[in-house]
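Please look over the sequence and the model shown here before reading on.

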Amino acid sequence: MFDTYQILDVVGTIIGLIYIYQEYKASIWLWLTGIIMPLVYTFVYYEAGLYADFGMQIYYTLAAIYGFLYWKFGKKKRNDDEEIPITHFPKKLVLPSVLVFIVLWGTLYLILSKFTNSTVPVLDSFGNSLSFIGLWALAKKYLEQWLIWIVVDVELAGLYVYKNIPFTAGLYTFYTIIAIAGYYKWKRMMKKERETMA
């Protein structure tokens, strides 16, 4: 018989499939789905002892609100555009992003190892710190956000297998495949957008 934890794992996986499809299509509605998904996963991650994942759900909710508003009302190339265009990750932001990631990873690791009973503080803090950067890059609609998610998805799929969250592990394995396909789809979309502008 399934318990609440397992049922929410399945529900979260279904919502996650909807989310990744919307992200693949560069649909603004992914942000509304991104508000619902953390509500489900808050419970799942807490029960699994993944405290960094648990805490990140608050950030995901706030980032989803920001992402929706930025995609809808952010800087557009033309006044008649409905949403902001896909662009490249600015080179000047690469080093600051790496530094923010390292500081977050170290800080989360220390918090998890000192103040929780986490059995996976290094991996839990790594995936969440990189997700922080990935979600910000998605909100900015940078093409290279997909490359960040490939690394995150591979790492978290392995972590969730280890922590016995099978449906979510399968979801993140699928996310990896979609992230690779999404990178090439967004690249084509960006090229088409630029051709339209010319």
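## Overall fold

Read along its sequence, the chain follows the pattern α-α-α-α-α-α-α, with seven helices and zero strands; helices (H or I, at least four residues) and strands (E, at least two) are DSSP runs, numbered from the N terminus. This is a predicted model, in which local features need pLDDT of at least 70 and side-chain atom pairs count only at pLDDT 80 or more, while totals for chains, interfaces and linings use all residues. Residues are numbered from 1 along each chain as its sequence is written, and side-chain values use heavy atoms, with hydrogens and water left out.

The C-alpha trace of the chain spans about 55 × 40 × 25 Å along its principal axes. For 198 residues, a compact globule would have a radius of gyration near 16 Å, and the 17 Å of the chain agrees with this; the radius is taken over C-alpha atoms, and the globule rule is 2.2 Å times the number of residues to the power 0.38. Of the 198 residues, 47% are buried, where buried means under 20% relative accessible area, exposed over 50%, and partly exposed in between (1.4 Å probe, protein chains only). Among the contacts with a separation of 6 or more, 72% come from residues 24 or more positions apart, contact meaning heavy atoms within 4.5 Å.

## Helix 1 and helix 2

Two packed helices are described by the angle between their axes and by the distance between the axes. Helix 1 (residues 4-24) packs against helix 2 (residues 30-48) at an angle of about 150°, with the axes 9 Å apart; axes are lines fitted to C-alpha atoms, for helices over the stretch in contact, and angles run from 0 to 180 degrees between N-to-C directions. That makes helix 1 roughly antiparallel to helix 2 (under 35 degrees counts as roughly parallel, over 145 as roughly antiparallel, 65 to 115 as roughly perpendicular and the rest as oblique). The contact of helix 1 with helix 2 holds 14 nonpolar, seven polar and three charged residues, with Ala, Val, Leu, Ile, Met, Phe, Trp, Tyr, Cys and Pro counted as nonpolar, Asp, Glu, Lys and Arg as charged, and the others, Gly among them, as polar.

Serine 27 sits in the loop between helix 1 and helix 2 and is buried, with a relative accessible area of 18%. Leaving aside neighbours within four places in sequence, serine 27 is in contact with Gln22 and Trp71. Leucine 39, in helix 2, counts as exposed at 62% relative accessibility.

## Helix 4 and helix 5

The axes of helix 4 and helix 5 (residues 121-139) come within 8 Å and cross at roughly 145°. Residues of helix 4 including Phe101, Trp105 and Leu108 meet residues of helix 5, among them Phe126, Ser129 and Ile133. By class, this contact has 14 nonpolar, five polar and one charged residues.

Threonine 107 lies in helix 4 (residues 94-115) and is partly exposed, with a relative accessible area of 40%. Between threonine 107 and serine 129 there are 9.3 Å, C-alpha to C-alpha, although they are 22 residues apart in sequence.

## A residue of helix 6

Tryptophan 146 belongs to helix 6 (residues 145-162) and is buried, with a relative accessible area of 0%. Apart from neighbours within four places in sequence, tryptophan 146 is in contact with Ile20, Glu23, Tyr24, Ile178, Ala179, Gly182, Tyr183 and Trp186.
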